[in-house]
Amino acid sequence: LEAAIVVASVVLLIAAVVAAVVMWKKRTAAKRALKEAPAGAVTLMFTDIQGSTALWDQAPTSMAPALAIHNQVIRECIQRVEGYEVKTIGDAFMVAFTHPVKALKCAVDIQNRLVQSNWPPGLEDVETACSKRTDAGKLVWRGLRVRIGMHYGEPGREYNPKMDRVDYLGPPVNLSARTEAKAAGGQIACTSTLVRELEQCKTLELDEIVQMTSLGLHKFKGVTDPQELFGMVPLELVGREFPPPAKEATCDKCLGELTCNACEAQME
C-alpha cells in the first residue's frame, strides 16, 4: 500500500511538473510574440489575388508554382521593411506595420516585384495574368494581379497559440479588409486616415512614389460614417487602368474580416 502511495505521489508530481513546464512555455511564447508584433497605432495591410479561383481552373498546372512565387515575393517585401506577417488564409495575407511609410513602401515593392517576376508561361494564356504594355510599349502588367488594402488605426491584440502569432481585432481590422475588397487587382487602396498620416511624414513625398486618385466615398457595413478611399499605383507602373471600385461583398461566413471564395465571387 505504501509503495502504491509513493508511486501515485511521484506520478502526480511528474504531472504537475509537466503542466508547469507547458504553461511556462505558453507564457514565454505569448510574451515573445507580443513583443515582436506592432502595438498601438499600426498600419494594417490585406492582400488577395484577383480571380484566383478562376485561375486555378484556367491554368491548373501553372498556379501552384505561381502561388509559390507570389508568396515568396510578398514575404520578401514584408521582411525588407520589418513588417509583421499576422496570418494567411488561402492566398490572402494580413500584415501589420509599425509605421505608415513602411506599409506603403512594402505595397509599392510588392506591385513592382510581381511585374518583374519570372512567371510560369501558362499564365500568358489567361487574360487576368498575362503581360500587357501601354501604347508606348511600357510593361505594366505581368503575372498575378494582387489587390492591396491598407488602413491606419489602433486595433486590439491577442496571442493565438495555434498560430504562435499575435492576431489583431476590432474596427481597424474590419476596415482594412473592406478597403482591400474595394481595390482592383494590381491596385493599392488606402483609407483617408492612412493618407493623412502619410502626408504628415516629412521624409515622404507621396507623388514621388505613387500616382494617387480618389476612389470616392464608400459606405461599409458596420461602419457609421462613409469612408473616402484612395487608389494608388507605383510610378513605375503608371499606365495601368482599373475598373471602378468593387461592390462590397456581403458574405455571412467571413463577415468581411478576410476575403473568401464567396466574397471573391461577388467582387469579380
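Helices here are DSSP runs of H or I with at least four residues, and strands are runs of E with at least two, both numbered from the N terminus. By that assignment the protein chain of this predicted model has seven helices and 11 strands.

If you then draw the contacts between residues at least 6 apart in sequence, 71% of them join residues at least 24 apart.

Next, select the sheet, which is open and built from seven strands in the order 2-3-1-6-9-11-10, with mixed pairing. At its edges are strand 2 (84-89) and strand 10 (210-218), each of which pairs on one side only, and from one strand to the next the twist averages 20 degrees.

Now move within the sheet to residues 146-153, which are strand 6, and to residues 188-191, which are strand 9; the two run parallel and are joined by three bridges.

Select residues 60-80 for helix 3, which lies across strand 1 (42-49), strand 2, strand 3 (92-97) and strand 6, and which runs at about 5 degrees to strand 3. Finish with helix 6, residues 192-199, which lies across strand 1, strand 6, strand 9, strand 10 and strand 11 (227-234), and whose direction is at about 90 degrees to strand 9.

Notes
Residues numbered from 1 in each chain as written. Predicted model: local features only at pLDDT ≥ 70, side-chain atom pairs only at ≥ 80, totals over all residues. Heavy atoms only, no water. Pairing = 2+ DSSP bridges. Axes fitted to C-alpha atoms, helices over the stretch in contact; angles between N-to-C directions. Contact = heavy atoms within 4.5 Å.
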